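Reader: Could we go through the core of this model together, and then its backbone geometry?

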Amino acid sequence: MGLKDLPEKAYIPLGRRGMEAFRLRECMKCGNEKEDDLQLLDRQDVTEKEGKNLLNIKTYKIKCNKCGTIYKIIIKSLYVEEQTEENRLVSAVHYWENGEEQWLGVF
Ligand SMILES: [Zn+2]
């Protein structure tokens, strides 16, 4: 298991100034971007029905071997009717650490 299926980038909307890209395959704490040092501890993939839509939640629990931080990247994607890339409305990226979850961006 690796971080291979984690999208490389997500974006922070900056209103009228557009979007700012940030890397997902790096430690949010120390900026370590050596994928060999980012250890995937657990991965969950759950899809729930929400009326006509599907909500897919992918959770990546990651340990940074450089600074020791354990965190999760949580990707919540909304699909219309079918879970295909064409039917994907939006994906929200959340960051979890020590029980606290915060919104990071979209892709
Ligand atoms: Zn780190």
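Author: The discussion below takes up the nonpolar core and then the backbone of this predicted model.

Reader: Which residues make up the largest nonpolar core?

Author: The largest nonpolar core consists of 10 residues: A10, L24, C27, L38, Y60, I62, C64, I73, I75 and V93. Two elements, β4 (53–64) and β5 (70–80), each give two or more residues to this core.

Reader: And which element gives the most?

Author: That is β4, with three residues.

Reader: Take I75, then. What does I75 touch, leaving aside residues up to four places away in sequence?

Author: On that basis, I75 touches K58, S91 and V93. Both I75 and V93 belong to the largest nonpolar core.

Reader: Turning to the backbone, what is the phi of E81?

Author: E81 has a positive phi of about 60 degrees, although E81 is not a glycine. As background, most residues other than glycine have a negative phi.

Reader: Where is E81 found, and is E81 buried or exposed?

Author: E81 is found in the loop between β5 and β6 (88–97). E81 is classed as exposed because 9 other C-beta atoms lie within 10 Å, and the cut-off for exposed is 12 or fewer.

Reader: Why does N98 count as exposed?

Author: N98 counts as exposed because there are 8 C-beta neighbours inside 10 Å.

Notes: Residues are numbered from 1 along each chain as its sequence is written. This is a predicted model: local features need pLDDT of at least 70, side-chain atom pairs count only at pLDDT 80 or more; totals for chains, interfaces and linings use all residues. A nonpolar core is a set of buried Ala, Val, Leu, Ile, Met, Phe, Trp, Tyr and Cys residues joined through C-beta atoms within 7 Å. A residue is buried if 20 or more other C-beta atoms lie within 10 Å of its own, exposed if 12 or fewer, and partly exposed in between; C-beta atoms are placed from the backbone. Helices (H or I, at least four residues) and strands (E, at least two) are DSSP runs, numbered from the N terminus. Two residues are in contact if their C-beta atoms, placed from the backbone, lie within 7 Å.
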